[in-house]
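Work through the exercises below with the sequence and the model open. Try each task before reading its solution.

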Amino acid sequence: MTGLTHRQAEILNIARASGRVMVEELARRFEVSAQTIRKDLNDLCERRSLTRIHGGAIIASGVENLAYEARRFVAADEKKAIGAAAASLIPNGCSLFINIGTTTEEVASALTSHEDLLVITNNLNVAMLLYRHPRIEVVVAGGTVRRADGAVVGSTATQLIGQFKVDYAIIGASAIDEEGALLDFDYREVQVAQAIIANARSVMLVADSTKLRRSAPVRIAHITQIQTFVTDQELPERLATICHSKGIEVVEALPKGADIDDATADSQDAAPEASPVVRLR
């Protein structure tokens with residue numbers, strides 16, 4: 001990319017390799033001030049190469065997703081908190097779908113102490129997390145395994161999902177726009193996600209707030225098709241209004257160390273009146 005300084009080009013390479021870059025780490029690496037790094041990141045964001053997150057930046061892309069392993073580093077603490085909060089809403093003795101995603105994997109990890117669950121998944125990572133637990137039965141959708149992330153995609157997976165009617169679906173999304181569209185990058189994955197939504201009695205979306213600042217080309221569904229949204233921050237006003245008007249429960253899962261009193265006070269100041277928001281740590 002033309003017009004970049006040598007340091008900015010290196011920052012971009014680091015971001016592509018690891019999924020994110022943090023101001024303090026870059027300042028130490030390049031032996032410059034944090035203010036200098038912030039200016040570099042702002043320049044890269046203006047070029048739409050990066051998207052700012054708290055304390056750093058992530059790769060910005062509206063066409064191709066980050067590498068799966070790199071995505072694990074993006075909002076890692078927030079995803080863990082979301083996973084724990086989502087799992088706390090799932091009762092013992094129920095059936096559920098879990099689709100592909102680093103956040104849905106955190107939900108699966110937090111479900112390991114549950115009992116008498118039936119889990120149907122197209123995510124080999126979820127299956128590996130759960131199959132050893134004797135009180136959890138795992139059914140894996142058949143079909144083509146995507147090498148990039150262990151997702152099982154395609155018509156065979158979709159057909160198997162259509163044979164079930166489960167209590168809950170746990171789904172993720174690569175992006176959520178301000179009008180409430182849930183978006184992803186791979187149409188084959190989207191077809192599986194749509195089948196999951198269609199065959200669940202209650203749908204729970206798990207997505208950290210970085211997904212609200214991204215774009216992706218393929219539509220999964222609209223947020224009005226879900227019943228619960230577990231995220232880590234207060235929603236933008238327009239999206240919060242949609243959730244409020246449709247009675248969607250919004251759960252703000254705070255990472256360990258977050259000040260729940262301050263977060264609650266701030267959110268109450270800005271949230272729509274009587275918004276169905278629950279805050280969990």
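A residue is buried when its relative accessible area is under 20%, exposed when it is over 50% and partly exposed in between, with a 1.4 Å probe and protein chains only. Helices (H or I, at least four residues) and strands (E, at least two) are DSSP runs, numbered from the N terminus. The model is predicted: local features need pLDDT of at least 70, side-chain atom pairs count only at pLDDT 80 or more, and totals for chains, interfaces and linings use all residues. Residues are numbered from 1 along each chain as its sequence is written, and side-chain values use heavy atoms, leaving out hydrogens and water.

**Exercise 1.** Find which residues of H9 are buried, and check the span of this helix.

Solution. Step one: the buried residues in H9 are Glu189, Val190, Val192, Ala193, Ala195, Ile196 and Ile197. Step two: the expected span is 1.5 Å times one less than the number of residues. For the 12 residues of H9 (residues 187-198) this gives 16 Å, and the end C-alpha atoms are 16 Å apart, so the two agree.

**Exercise 2.** Which residues have the most contacts inside the largest nonpolar core?

Solution. A nonpolar core is a set of buried Ala, Val, Leu, Ile, Met, Phe, Trp, Tyr and Cys residues joined through side-chain atoms within 4.5 Å. The largest has 36 residues, and Leu182, Ile223 and Phe229 have the most contacts inside it. H9 gives the largest share of this core, 6 residues. Another core, of 23 residues, lies apart from it and includes Cys94 and Met204.

**Exercise 3.** How is S15 joined to S14?

Solution. Strands pair if DSSP finds at least two bridges between them. Here 4 bridges join S14 (residues 228-231) to S15, and the strands run parallel. Phe229 has Val250 in S15 as its bridge partner. With helix H10 (residues 237-245) between them in the list of elements, S14 and S15 make a right-handed β-α-β unit; right-handed means that, with the strands pointing away from the viewer, the path from the first strand over the helix to the second runs clockwise. In S15 (residues 249-253), 4 of the 5 residues are buried.
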